[in-house]
Protein chains: 2
Amino acid sequence: MSSILLSLVVIYLAAKLGGELCTRLKLPPVLGELIGGVVIGVSALHLLGFSGTEGSVITDLLGATAHLSPESLNSLFQNQSEVIANLAELGVIILLFEIGLESDLKELLRVGSQATLVAVVGVIVPFVLGTIGLMSIFGIPAIPAIFAGAALTAKSIGITAKVLSELGQLQSKEGQIIIGAAVMDDILGIIVLAVVASLAKTGKIELSHIFYLIISAAVFLIGAILLGRFLNPLFVALIDRMQTRGQLLISALVIAFVLSVLASLIQLEAILGAFAAGLILAETDKREALSLQVKPISDMLVPIFFVIIGARTDLSVLNPFLPENREGLVIAAFLLVVAILGKVVTGLSVFGQPGINRWAIGVGMIPRGEVGLVFAAFGSASGILPRSLNAAIIVMVIFTTFLAPPLLRVAFGQSKSVSKAVEQLETY
Amino acid sequence: MSSILLSLVVIYLAAKLGGELCTRLKLPPVLGELIGGVVIGVSALHLLGFSGTEGSVITDLLGATAHLSPESLNSLFQNQSEVIANLAELGVIILLFEIGLESDLKELLRVGSQATLVAVVGVIVPFVLGTIGLMSIFGIPAIPAIFAGAALTAKSIGITAKVLSELGQLQSKEGQIIIGAAVMDDILGIIVLAVVASLAKTGKIELSHIFYLIISAAVFLIGAILLGRFLNPLFVALIDRMQTRGQLLISALVIAFVLSVLASLIQLEAILGAFAAGLILAETDKREALSLQVKPISDMLVPIFFVIIGARTDLSVLNPFLPENREGLVIAAFLLVVAILGKVVTGLSVFGQPGINRWAIGVGMIPRGEVGLVFAAFGSASGILPRSLNAAIIVMVIFTTFLAPPLLRVAFGQSKSVSKAVEQLETY
């Protein structure tokens with residue numbers, strides 16, 4: 001147990017140091033957690049180890065103080081990395097549950113067709129460009145190429161929403177479309193992930209199989225929401241009759257875990273089930289109380305997930321001074337370009353809105369954040385992504401997240417100065 | 001991951017069904033979690049399995065749906081039981097952290113010498129009676145006898161406090177002494193556990209070693225509190241300057257985990273460190289906010305611990321219809337008698353309070369609850385307790401907890417009718 005507790009301490013310190021640093025630099029804290037993970041992980045300090053690596057500084061240290069034999073040291077290490085990996089998986093399930101709980105389906109239906117079109121374009125363009133580019137230019141096999149292409153689709157709502165509110169643009173027409181599209185994008189992205197991860201597991205790319213997966217993911221999500229509407233009053237009545245501590249939280253977790261297992265059983269991903277559970281429970285009047293209780297759990301478990309992603313990523317495969325790494329670097333650059341262009345063009349798909357800032361909408365769709373990292377984590381865990389491609393995806397996520405806030409400021413700033421100029425012209 | 005999520009669902013359902021049932025019967029919910037665990041565990045339904053048992057219904061079911069080979073099924077089972085066991089251990093660490101956070105050192109110093117004396121008598125009498133009785137009457141070796149004797153010492157504050165408040169006796173002289181002694185008892189009990197568990201690990205009972213352990217436990221606890229007073233302003237200032245989500249919770253967990261590891265390193269138990277961290281942070285002005293955030297985490301993890309204790313206990317070793325079980329049953333009855341007598345005599349140690357209800361004070365000290373279960377869990381995990389003795393301890397905890405509320409009602413009821421009679425006499 002000591003090695004697990006020490007690992008958690010190291011993870012939390014890395015998460016908080018990185019997070020606080022990034023907040024001070026006006027960057028999202030999740031980026032800090034990721035970079036904190038890179039620093040303590042296999043790329044640099046080797047404080048944490050994973051199956052496939054040989055031990056870690058923490059277990060070596062504990063082994064030395066307790067005079068363990070190499071065999072029991074190894075089993076200690078296996079146990080520690082197993083438990084931490086499972087805590088991180090529990091973290092991503094809680095994360096998706098929380099994202100679902102905070103998504104407002106009614107709000108989404110209100111923003112409507114404009115946002116949906118932006119979201120769909122923003123999923124299809126980078127996915128097609130990325131997958132075809134990786135296969136044709138770099139000769140990467142279909143499955144990893146599809147996986148990397150899919151990782152280009154997901155965007156982050158949190159980062160954009162924060163920058164938009166800083167700029168006072170959250171209520172503008174552009175801001176509303178961006179946020180609406182981001183919520184839609186989360187849902188599409190999670191369906192894409194469920195489909196792609198399942199493809200990767202079975203290894204067969206048949207149209208009928210892909211069709212089955214897409215249909216079952218959509219049916220699962222819509223079915224869960226409809227069934228939820230029907231069963232929600234029952235759930236609320238049950239909670240109100242229960243008298244023991246934590247009745248709301250535990251009941252919600254049971255629903256989230258059951259849907260996660262169901263999603264796994266029909267060959268989709270567990271996180272799709274957790275997300276669906278969040279969407280369902282968001283429609284009850286217990287939403288606020290539940291959010292408040294899920295927050296500390298997410299504070300405790302989610303950083304483990306992001307730090308572990310960083311710690312697992314071997315950035316040394318992108319060291320530019322080694323000639324054999326050139327290709328990985330070129331791939332990373334390619335992904336970055338596709339990630340930016342593929343989202344910026346979404347601005348062009350806005351119709352019937354003369355004078356709208358298309359450039360700002362496109363730029364607002366750039367940052368990848370949490371869901372992109374979830375893709376990278378699943379790809380690396382399933383072992384189908386070559387290490388260089390995995391590192392390239394992480395670099396893409398880091399750079400788009402770094403670039404988006406300043407670009408967004410420029411995009412809206414320009415628009416403001418233009419509209420000011422127009423105003424000035426009109427006053428003459 | 002599916003097998004872990006399913007195990008958690010089963011654990012939560014057992015915890016909530018048992019808890020709600022016990023609440024309706026005016027019994028503490030923790031008893032329901034324990035009994036829920038017994039029902040789903042190795043005694044009855046075999047839904048959960050542990051290292052040492054052969055598989056579980058859950059992994060067999062998942063193995064059948066996914067067509068796993070016996071080897072991969074076994075590794076699935078090992079991983080699942082390992083992770084659940086570690087989550088339970090994390091649960092007990094959070095539990096002790098929360099108990100520490102809710103203990104009020106100032107309050108304790110106020111209640112003073114009277115409560116301390118009651119607590120010390122209530123630790124020494126059952127410990128000595130139990131250990132010597134088990135060794136001399138039943139011929140049990142010293143270490144398991146000491147362990148079982150120690151399990152008789154801890155009492156539960158939660159159960160008594162609830163019954164007292166129902167009876168409107170929380171502010172009475174008797175109520176104040178009982179609560180003060182219970183808080184003191186928690187501290188003494190955790191020190192006794194740290195010492196006894198360490199004895200069990202090393203296997204040597206030398207006076208010098210016992211002396212070292214008691215001194216180091218006391219020095220650790222007092223040192224942590226004094227150092228905490230010194231460092232608390234720094235901690236509060238740091239929290240106030242941090243800007244990322246969950247800064248208070250994560251910082252508190254880091255302190256709790258670091259102290260837990262430190263306690264382990266000096267051969268004590270991790271939970272002593274978590275308890276010390278709770279005591280320290282209870283003295284800051286962040287106490288309320290922190291309690292609120294720790295509560296959902298404790299709601300999520302602590303039931304795992306109690307259900308697992310129940311699930312691990314093989315009550316079939318106490319089946320009265322098998323002749324070879326007679327001795328275990330006799331031991332259980334012996335422990336129960338010592339547990340009750342050893343606490344009831346504490347009422348006699350109250351001095352200088354003419355007319356006080358000594359019987360009520362003694363009865364108020366009976367219920368064992370959480371900390372007693374922690375003893376049983378540590379004994380069973382370390383493998384030093386024979387299965388029958390372990391089951392006998394669980395039975396003792398269940399029965400004392402069952403018996404205390406009605407006995408307490410009778411004890412205070414009697415006293416009330418007596419004092420009413422006195423009043424009536426005086427009015428004439």
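Predicted model: local features only at pLDDT ≥ 70, side-chain atom pairs only at ≥ 80, totals over all residues.
Two packed helices are described by the angle between their axes and the distance between the axes. Take H1(A) and helix H12 of chain A, residues 287–312. Their axes come within 9 Å. They cross at roughly 85°. That angle falls in the range I opened with, so H1(A) and H12(A) are roughly perpendicular to each other.

Which residues make this crossing? From H1(A), we have A:Ile11, A:Tyr12, A:Ala14 and A:Ala15. They meet A:Pro303, A:Ile304 and A:Val307 in H12(A). By class, the contact has seven nonpolar residues, no polar ones and no charged ones.

Next, the domains of chain A. The assignment gives domain 1 as 2–86 and domain 2 as 87–427. Their C-alpha centres lie 26 Å apart. At the boundary, 25 residues of domain 1 of chain A are in contact with 26 residues of domain 2 of chain A. Which elements of chain A give two or more residues to the domain 1 side? Helix H1 (2–24), helix H2 (29–40) and helix H4 (70–102). H2(A) gives the largest share, nine residues. By class, that side has 18 nonpolar, five polar and two charged residues.

Now the two chains. Two copies of a chain are related by a rotation about an axis and a shift along it. Here, chain B is laid on chain A by a turn of 180° and a shift of 0.0 Å along the axis. The RMSD is 0.0 Å. That is the relation of a two-fold axis.

How many residues does each chain bring to the contact? Chain A brings 41 residues and chain B brings 41 residues. On the chain B side, four helices each supply at least two residues: H1 (2–24), H4 (70–102), H10 (247–265) and H12 (287–312). H1(B) provides the largest share, 12 residues. By class, the chain B side has 23 nonpolar, 12 polar and six charged residues. Why do we say that the copies meet through the same surface? Because 100% of the interface residues of chain B are also interface residues in chain A.

First, A:Ser251. This serine lies in helix H10 of chain A, residues 247–265. Buried or exposed? The cut-off for buried is 20 or more other C-beta atoms within 10 Å. A:Ser251 has 20, so A:Ser251 is buried. Leaving aside neighbours within four places in sequence, A:Ser251 is in contact with A:Leu238 and A:Ile239. A:Leu238 is 13 residues away from A:Ser251 along the chain. The C-alpha atoms of that pair are separated by 9.3 Å.

Second, A:Asp104. Where is A:Asp104 found? In the loop between H4 and helix H5 (105–138) of chain A. A:Asp104 has 14 C-beta neighbours inside 10 Å, so A:Asp104 counts as partly exposed. A:Asp104 and A:Phe334 are 230 residues apart in sequence. In space they are 35 Å apart, C-alpha to C-alpha.

Technical notes: Residues numbered from 1 in each chain as written. Chains lettered and ligands numbered in written order. Contact = placed C-beta atoms within 7 Å. Nonpolar A, V, L, I, M, F, W, Y, C, P; charged D, E, K, R; others polar. Domains from an automatic or database assignment. Buried ≥ 20, exposed ≤ 12 C-beta atoms within 10 Å, placed from the backbone. Least-squares fit on C-alpha atoms with pLDDT ≥ 70 in both. Axes fitted to C-alpha atoms, helices over the stretch in contact; angles between N-to-C directions. Parallel < 35°, antiparallel > 145°, perpendicular 65-115°, else oblique.
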